[in-house]
Amino acid sequence: MPRFLDTFTGEFRWIENPATIIYAILSHTWRSEAEGSEQNYTEVRKLQDDFGPPRILVPRDLTCPLTAPGAESFLSHPKLSDKIKDACRIAREAGFRLIWIDSCCIDKTSSAELAEAINSMYELYRLSTVCFVYLADVPDNGADPSDRARSTFARSRWHKRGWTLQELIAPARVVFLTDAWTFLGTKRGLAATLMQVSRIDIGILTGRTSLESVSVAKRMSWASARETTRVEDEAYSLLGIFGVHLSPIYGEGRNAFLRLQEEIVRTVPDQSIFAWGPSCALRALDQAECRSEDASSEHPTGLLASSPREFRETTDIKSVSHTDFLSLLSGGSPSLEAHPEVPPLHCVFTPQGIRLQVLAIDLAELPQVATAAISIPYIGLRNLSMDDYGHCLELGRACSLAILRCTGSNDELIALALFGPASGEQDHNSGVSIATHAKCRPSCPGRPSYRVVRLTQNAVKTLQAHLSPTPKHVVLLRHSGFPTRRTETLTPIHLWPFTAEERRRRFDMLHTFIPGPPADFQLAPTCKAELRALGFTITPLSCQRVHAGMTVLMNTVLTADSLQEGLVLSQHIQINIVLTRMQERAEGNTGVSFAVAHFVHEPAGQDPWKPPCAHCKFGGCHTRRVPCGDDGEGVYTKIVRDTVVLPDGVLAQAEFMILGPCKEETPRDPSQRLVRILRLAVECSTNSLARISGRDADASNTRFISGLWLSVDLSDNFPKSVLSR
């Protein structure tokens, strides 16, 4: 039951069923706090209480004509917002007794009222007799708003806000007003300009086409360039566009958009909702072309999108009927038209992912499809060779194409590329991800992966022999996940000297190369103080490059003394790290080896003539090596890429269990042996992170990291037995 504003008295009026009355409604962009914000319901209500009861008598019949209000009306209150006053004046002059304004007619302190307003807002705009759109950034200078490219109307902020999409589509009559509240035009009169600005079909704007006839993907594309103040409103502002309902939960972040998509899947029988993201068109088995030049993906994705922005390339996607789908599958061949069994559009949400039935094209014997996608040449650059992208295909490639019941321009069938890892072992605890291929690192010359493959009729004819005759049950990954912290980006490290060939290739592909020497290594500055608090000292980091700079050797030593049954034991932990440049390969190009050797020294006798041990103060000592507490060899080796994920900035890390010193080599109760956890990490220095984040005035090297730290982190002693609890 919404609350309206009386345009004559300025009082609030409750209306149980808006379909039984005539009213106007206001659409506008909210002012920021810096601009003075908007007067909300609580503030207007307080002004009404201060003003007192109505001082004029007006008929309760909303159809009775009234003259302009005088000083007795609350609308004359000097502290009332000018926007509310002018909106009431415009509606009153047009003959409306009631107007609905979202900023002051919703009590946002009531979660129940807010939820009802969000879920019924599209219907409230649809039932209005007229929607007045106030454009605060369009001056009243007599400019022609139909000048589509240059008019201030076309550049208005109103066209970029998320909530105004439904406010444009839902009402049958929309009137645009300038900043001076003068007439500018109507939705029908400015339909051509609105179509160019909003990308909404002219049929929708003129009311000749029903909203339900437009595919889900296309409706999503209308919202792809719009913004909302709260991230959750990206989803809540689209509820009416798709005719679904959700309980708003502010604080859930982008999970709101996932919930919206799930509700659409349950309600609307349209698979075009899955056709978002970067796409390529397959013209032949070994020939593809890019359809999403501004969209890219480094890794496989899930079935559901993260935000409406993922649908920016779906303006031409449309759903097709059962008959048209069979006709397109046949490729013009009548013999095949009745052969495939068209799967239902039903989906089931499971903990592993989203289960659905699809007609699939097996690519096990067609590796050239993934090759065609990754090797699409960039405009103006040379064609790619297998040497440029072969190592990426070793990570995996599309194993099949799942055909959706929707098409693109020129009747191209839309298919999802179901990704198969190179190992062939699919994780049964999660669904299949979507990608034509994967990239080993961002700087690789190969194309980023595509999730959508558009099949031309020529490609369909070629692939018919590999089409499954019956629907295939698949479980697809629901979503690839959101960043757990700030936005994560992959940033390359200038770790190795570039050869002349590498410089030439990088300049050809990225139009840039790396000046200066490769990365240097230092001990993290906080290590000494942190280790000293635990009774350890650390020697300066020794670092040298050998083998023409393609191998980095680092070593340092931790030392500490402890008292065991009146006997002083000295321990030292040798840390050796080796970084090696490897040949280009799928899983990375840098080998990192962490090696830890733990020794304990105890006095073996008093011999003043014997020189002291190099690692302890005893003139004569007995030295023994202590194995790692996890029964390992004290060596950890890994192949990594020459990139780091920001903001964490860790290139490689390893953990070791260090046994505490003990007088006996084999203690009576090993479970009570004291241990420490030693973590070693090669990570970015804070100076490098600051430069990458854009806080450094020198922008010439901000794309690459050249300063690295060795971080040595040691825990306190604790019984080994607690690790098994």
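**Exercise 1.** Arg266 forms a salt bridge with Glu263, with 3.5 Å between the closest N and O atoms. Find out how far apart the two residues are along helix H11.

*Solution.* The model is predicted, so local features need pLDDT of at least 70, side-chain atom pairs count only at pLDDT 80 or more, and totals for chains, interfaces and linings use all residues. Residues are numbered from 1 along each chain as its sequence is written, and side-chain values use heavy atoms, with hydrogens and water left out.

Step 1. A salt bridge is a side-chain nitrogen of Lys or Arg within 4 Å of a carboxyl oxygen of Asp or Glu. The pair Arg266 and Glu263 is listed at 3.5 Å.

Step 2. Helices (H or I, at least four residues) and strands (E, at least two) are DSSP runs, numbered from the N terminus. Helix H11 covers residues 255-267, and Arg266 and Glu263 are 3 residues apart in it, which means that about one helical turn separates them.

Step 3. An α-helix has 3.6 residues a turn, so residues three or four places apart point the same way.

Step 4. Buried means under 20% relative accessible area, exposed over 50%, and partly exposed in between (1.4 Å probe, protein chains only). Glu263 has 23% relative accessibility, so Glu263 counts as partly exposed.

**Exercise 2.** Decide whether Glu252 and Arg259 are buried or exposed.

*Solution.* Step 1. The closest N and O atoms of this salt bridge, between Glu252 and Arg259, are 2.7 Å apart.

Step 1. Glu252 has a relative accessible area of 17%, so Glu252 is buried.

Step 2. Arg259 is at 18% and therefore counts as buried.

**Exercise 3.** Locate the partners of the salt bridge between Glu412 and Arg454, and name the network that includes them.

*Solution.* Step 1. The closest N and O atoms of Glu412 and Arg454 are 3.5 Å apart.

Step 1. Glu412 sits in the loop between strand E13 (396-407) and strand E14 (413-421), while Arg454 belongs to strand E15 (residues 452-455); the pair links distant parts of the chain, 42 residues apart.

Step 2. Glu412 is buried at 2% relative accessible area, and Arg454 is buried at 4%.

Step 3. Through shared partners, salt bridges join Arg283, Glu289, Arg291, Asp316, Glu412 and Arg454 into one network. The whole structure holds 23 salt bridges.

**Exercise 4.** State how many residues of helix H15 are buried, and name them.

Step 1. The buried residues are Asp388, Tyr389, Gly390, His391, Cys392 and Leu393.
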